[in-house]
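Work through the exercises below with the sequence and the model open. Each task is followed by a solution in steps.

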Amino acid sequence: MSSPAMQVRTRIPRFAESAVERARLTVVPRRRRAAGRAPFLALVSMVLLAGVIGLLLFNTSMQQASFTNTALEQQADRLAARQQSLEMELEQLRDPQRIAGAAQRLGMVQACSPAFLRLGSGRVMGEPCASTAANSLQIRPRPPVKPAALNPPANVVTVEAPAAQTDAANSSAQPERGTRERAARDGKKKNNR
Amino acid sequence: MSSPPSHAPTPGVRRGSPQLRLRIGFLVIAIALSVLGARLVQLQGLDPNSYAQMAAAEGTTEVELPAERGDILDRNGRPLADSVAGMMVWADPELTDEHAADIAAFLYKKLDVDYVSTLAKLREHQVDGSDVRFEYIARRVPATLATEVVEEAERLDYEGLGTRRDPLRSYPAGDVAANLVGFIGTDEPLAGMERTFDTLLSGTDGSERYEVGGGNRIPLGESTITEPVNGADLHTTIDQDLQWFAQRAVRQAVEAARADSGFAVVMDSRTGELLAVADDPTYDANDPAGADKPDLGSRALQGVYEPGSVQKVLTVSSLIDQGLVTPRTQIVVPPALNRDGRVIHDWFGHGTIHMTLTGAIAQSSNIGTVLAADRFKQGQLYDYLRAFGLGQRTDIGVRGETKGLLPPLNSWTSQLEDRIDFGQSLSVNGVQMAAAINTIANGGVRVSPSLIDGTATTDSGQQVGTDHTTRKRVVSAKAARDTALMMERVVDPEVGVAPGAAVPGYRVAGKTGTAQRVGEECGCYDGSFTVSFAGFAPADDPRFTIYVVVQNPRNGGGGGSVAGPVFSKIMSYTLRRYGVPPTGTRPSRLPVEW
């Protein structure tokens, strides 16, 4: 930078040299204060460091948020599933069949006919009647009938009548045994229904 | 660079030619760049997708976001079918083999699976020489239970158990309305509303793609999400409790009469909404495999039968509407009626009796009805029956509904018309007939029945539901009222045939039916019967119409003794449930004889 200035000056004719020298205005080379490089470097590295650390922190916090997100999502899923299971249980408890069974175990019966009490006049509307077996509701199916193979006839052992008994008694015992046998079988069938 | 020209290197052999070196350098760079360029074209130009996929597959997870299936609800919003988050529990036999016995015992306790077969699955890691790394242990387990079990197994150091999504459909009330609701198979709906309204219920699955590192989603990584569209709920007009009651009442009657099957239809007289369509035998929707195939549908809609004397209500109301008869019309009823060689009898033996038309209904006289119906002109009855809805589907949204069979008018002979007068030689389905009888209850206006609250589209594209209810006058209000008064005499303990159908304190109008039944084997009348009872209450301001049918009772009972008490029970329960007080007016006193 300084060299072209020098060249210019050399071409100027030399008279009153010192005066010219004094009066002459020259471009003063800008004084460059040798700014210390250290602060600049420090600043840059500070900025850099802050950026890196900031980015790191940001990433870490994002990652943390992601962990939390995953964990919370899992928890939400679990709770939603739990809610649904509980609702299902509730619906199973509300099953009319279960409620009817519980009511029956408490000794409750179906009403015979609807009747209303008019609160204003105290009048009963409808014909209240007693509940009987005729209007009971059977809430469970009858158990299936056992196949014949699983339902053998009663094993009847015929015992000789004691010798002391008369012939007449003997002859009357015969049909009686038969009826008893039939009755036993019928009773069994009924139980199996 | 700023060196003065004097410093420029003079050409010299010793330091080599820079031009040449530059050229060679450029050439090398050009070659290298063109190689990279070619590679770029190869990657991006020729087959970019497969490479993109390979890149994406590395660490990218795609999960299905399942749409939740809509519930099927009853009229009070209680679920008849309910979706629950479910999971399957599976095992890797290679890992479970070591502690197989312990794990099997553990699973048996927790999941109630069969011990022996589970043990075999846990051990069987070689089948035909190939490795087995996956065995189902339990399917459709509620998600909470499945997760709990697998977590506990991990705590106990049992390795090789896992879970996967496996949605669960639950039918909380088991067999209640199973005939209508249907059920779902392993992958698809197989029957009933589940299948008919599948498009509405199933919704659309969504999906989500995101990058994963160490089990966690990478923030700011690629992430695309397609939200699932959940299925909509299906609202029915069924009343779950009433449906349950009706099913139990029908089952009790079917069992007591040792009958083949039975059904009951409960209808709101004014709106045509079906409150219950009970079938027996039916099945548990949670275990459809355990039922006989014919029980998996609804006989009330899919079965046909001849309605028998219940049909007389339609015949007589049409006659009154035409002004041809009145309830007091006097008829001389002979012991038997010979019509062109075919003899018509009544169900009870009698000499020549003097009945009013009311008497013919109250005593269910075939001869009396046929004699009264002689006043019809050709084709008149046919038009009325069409208007009552016979021979046409009710289209309420139940698959496989039958049309019934109303013989075409050109095939009607006088003998056929005689038989149709009292409900033989034509067939119907249950809901069709209930809607026809309900026409009388609704003052002569037929209101189309519906099973869906609001509107819904079936899989065949048909719009069904209460929003599409149609009303059409069939007989005059006076004809309907007169018919109802006549029907009231049916349940009269002195003059009627079905005192068992009465509800104490209420005016009940009804009609019995005992029809010869076409057997499945011979396709002819095989001596078995279809017994039925249709009626409504309160007779002077009807709220509910109930129709009960029992097929082939083996205890010798008729419509009055088998179906009547079921009607009474269900009607009594319905009136109580909906808080309908007795009207308190004087019952019908129409004369039955003259």
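**Exercise 1. The contact between the chains**

How many residues of chain A are in contact with residues of chain B, and how many of chain B with chain A?

Solution. The model is predicted: local features need pLDDT of at least 70, side-chain atom pairs count only at pLDDT 80 or more, and totals for chains, interfaces and linings use all residues. Residues are numbered from 1 along each chain as its sequence is written, and chains are lettered from A and ligands numbered from 1 in the order in which they are written.

Step 1. Contact is taken as C-beta atoms, placed from the backbone, within 7 Å. By this count 35 residues of chain A touch 35 residues of chain B.

Step 2. On the chain A side, helix 3 and helix 4 (96–105) each supply at least two residues. Helices (H or I, at least four residues) and strands (E, at least two) are DSSP runs, numbered from the N terminus. The largest share, 16 residues, comes from helix 3 of chain A.

Step 3. By class, the chain A side has 17 nonpolar, twelve polar and six charged residues. Here Ala, Val, Leu, Ile, Met, Phe, Trp, Tyr, Cys and Pro count as nonpolar, Asp, Glu, Lys and Arg as charged, and the others, Gly among them, as polar.

**Exercise 2. A helix pair across the interface**

Describe how helix 3 of chain A packs with helix 6 of chain B.

Solution. Step 1. Helix 3 (residues 37–94) of chain A and helix 6 (residues 143–155) of chain B have axes 8 Å apart, at an angle of about 125 degrees. Axes are lines fitted to C-alpha atoms, for helices over the stretch in contact, and angles run from 0 to 180 degrees between N-to-C directions.

Step 1. Angles under 35 degrees count as roughly parallel, over 145 as roughly antiparallel, 65 to 115 as roughly perpendicular and the rest as oblique. Helix 3 of chain A and helix 6 of chain B are therefore oblique to each other.

Step 2. From helix 3 of chain A come A:R78, A:A81, A:R82 and A:S85, which meet B:A143, B:T144 and B:T147 of helix 6 of chain B. Two of these contact residues are nonpolar, three polar and two charged.

**Exercise 3. An annotated stretch of chain A**

Which residues of chain A does UniProt list as "transmembrane region"?

Solution. Step 1. The unreviewed UniProt entry lists residues 40–58 of chain A; such annotations may be inferred rather than shown by experiment.

Step 1. In the model, residues 40–58 of chain A are 100% helix and 0% strand, with the end C-alpha atoms 26 Å apart.

**Exercise 4. A sheet in chain B**

What is the strand order of the open sheet of three strands in chain B?

Solution. Step 1. The order is 7-4-8, with antiparallel pairing; two strands pair if DSSP finds at least two bridges between them. Strand 7 (135–142) and strand 8 (161–165) of chain B are the edge strands, each pairing on one side only.

Step 1. Strand 4 (residues 86–91) of chain B pairs with strand 7 of chain B over five bridges. B:V89 stands opposite B:A138 of strand 7.

Step 2. Strand 7 of chain B also holds B:R140, a residue other than glycine with a positive phi, near 50 degrees.

Definitions and conventions: Contact = placed C-beta atoms within 7 Å.
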